[in-house]
Amino acid sequence: MIEVGASRGPLGAMAQLLGAARKPTGPVLELPQVTFVLPRTSLDGAHLAKYRAVCGFTPEQGVPLIYPQLLTFPLMMQFMASEYCPWPAMGTVHLSNRIAQRETLHAGDVLRVEMTTGGLFAHDKGQVYTLELRILRDEQPVWQATQGLLRVGVKAPAGKAWASSPGGDAPLSRQADFEAPADIGRRYGRVSGDLNPIHLTAVSARLLGFKRAIAHGMWTKARALAALLPQRPVAAATVAVEFKTPLLLPATASLWASRQQRDTQFEVRDSKGQKPHLRGQLHIGDASP
C-alpha cells in the first residue's frame, strides 16, 4: 500500500506524467497489484461550487455522484507516473467509467480515498487496464468506481475480451442540447486538475494528433448527468458510460435518453443526433442497472 500526500497541483501532476513518458508501449502480460491511498481529505464546499458551475449542476442537487471522482485524481496521477503503470499516460485513452454510490455525500465530509489496480483486457483497438476506486467515510465504503483505460495500438493484447458498452436497445428521444465552448477544456481542467494538452487548445491538441481540442470525457458525462439527475440530492445510484468518439471543441452536443421508472439509458451525440460521443445507463436506487 502506497500512501499519497497532498496533491502537487495540476502542473506538478502533468510534469510527473511527462517524466514517465518513455515507458514501453507493447503488450502487458500482468498488471502489478498495488493500492494507492489518500488517508484523509475533506470534501471542499468552495471547490464543489466551482465544479457545479462548470458542469451545469445546481446547488439543489447536492454533491453529484460523479463529483467524488475528482478526489481520486491525485492517486491516479501518482499511479500513472509510477513504475507500476504499464504504459505512458499520453496516448492512453479513457474508455469507460462506472460509478456506484451507496450514501449521500456532503460538503465538509472527511474521507479516505483508495485506488487499486484491476485487470487486463484484450480490445480490438489495443489493450485495456482497469483501476478500482473507493471512498470511505467513518471507515465505511460510500462510493466506488471502475475506470477503464485503453492503450491504443497494442498488438496481440493479453487478457479476456473487453465487455460491450453499457446501455440497452430502447429507442432514445432528444432531451436537450448543450454547448461545449472552446474554453471548456481549460475551465474543467482547472477544476479537475486534468490539464492534458489535448483538452486545452487547438494548437496543443494538434501536436498530439487531434484536429481541435477535445472535451474531457468526464465533463461530458457530468454535463449529461446535470440534466438527467433530479433536483435533489441522490443517495444510492449507479451510472456507467463508455466513451465513443471525441467531442471536438467548440461544439453543440445533444442529449438523448429513454427513462423507465428508476432507469435511464442515454447518449450524448453530435448536434445532428447521429454520432455518439458517449453511451450510458443511470439507475437511481440500491440495485445496479
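Mentor: What follows takes the terms in turn for a model that is predicted.

Trainee: Why are helix 2 and helix 4 called roughly antiparallel to each other?

Mentor: Helix 2, residues 45-55, and helix 4, residues 184-192, pack at an angle of about 160°, and their axes lie 10 Å apart. Angles over 145 degrees count as roughly antiparallel, and helix 2 and helix 4 are therefore described in that way. The crossing in which helix 2 passes helix 4 is left-handed.

Trainee: What makes the contact between helix 2 and helix 4, residue by residue?

Mentor: Helix 2 contributes His47, Lys50, Tyr51, Ala53, Val54 and Cys55, while helix 4 contributes Ile184, Arg187, Tyr188 and Val191. By class, the residues of this contact of helix 2 with helix 4 comprise seven nonpolar, one polar and two charged. Tyr and Cys count as nonpolar under the scheme used here, and Tyr51, Cys55 and Tyr188 are among the residues of the contact.

Trainee: How do you know which residues line the largest pocket, and which are the closest to its centre?

Mentor: A lining residue must have an atom within 4 Å of a point of the pocket. The largest pocket holds about 1,200 Å³ of space, and of the 43 residues that line it, Thr92, Val93, His94, Leu95 and Ile198 are the closest to its centre. The elements that each supply at least two residues of this lining include helix 1 (9-19), strand 3 (92-101), helix 4 and helix 6 (217-228). In the lining of the largest pocket, 25 residues are nonpolar, 14 are polar and four are charged.

Trainee: What makes the backbone at Asp138 worth a remark, and where is Asp138 found?

Mentor: Phi of Asp138 is near 50°, which is a positive value in a residue other than glycine, and Asp138 is found in the loop between strand 5 (126-137) and strand 6.

Trainee: Which peptide bond is called cis, and what is its omega?

Mentor: The bond from Leu249 to Pro250 is the cis one, with omega near -5°, and Pro250 has its place in the loop between strand 9 and strand 10 (251-260).

Trainee: How do you know which residues Ala158 touches?

Mentor: Contact requires heavy atoms within 4.5 Å, and, not counting residues up to four places away in sequence, Ala158 touches Val28, Leu29, Leu120, Phe121, Ala122 and Gln127. Ala158 itself is found in the loop between strand 6 and strand 7 (160-161).

Terms used
Residues are numbered from 1 along each chain as its sequence is written. This is a predicted model: local features need pLDDT of at least 70, side-chain atom pairs count only at pLDDT 80 or more; totals for chains, interfaces and linings use all residues. Side-chain values use heavy atoms; hydrogens and water are left out. Axes are lines fitted to C-alpha atoms, for helices over the stretch in contact, and angles run from 0 to 180 degrees between N-to-C directions. Helices (H or I, at least four residues) and strands (E, at least two) are DSSP runs, numbered from the N terminus. Angles under 35 degrees count as roughly parallel, over 145 as roughly antiparallel, 65 to 115 as roughly perpendicular and the rest as oblique. A crossing is left-handed if the near helix is turned anticlockwise from the far one by less than a right angle, and right-handed if clockwise. On a 1 Å grid over the protein atoms alone, a cavity is a set of points where a 1.4 Å probe fits but cannot get out, and a pocket is an open set with protein on both sides within 12 Å along at least five of seven lines; lining residues have an atom within 4 Å of a point. Grid points are joined across faces, edges and corners, and a volume is the space filled by probe spheres set on the points.
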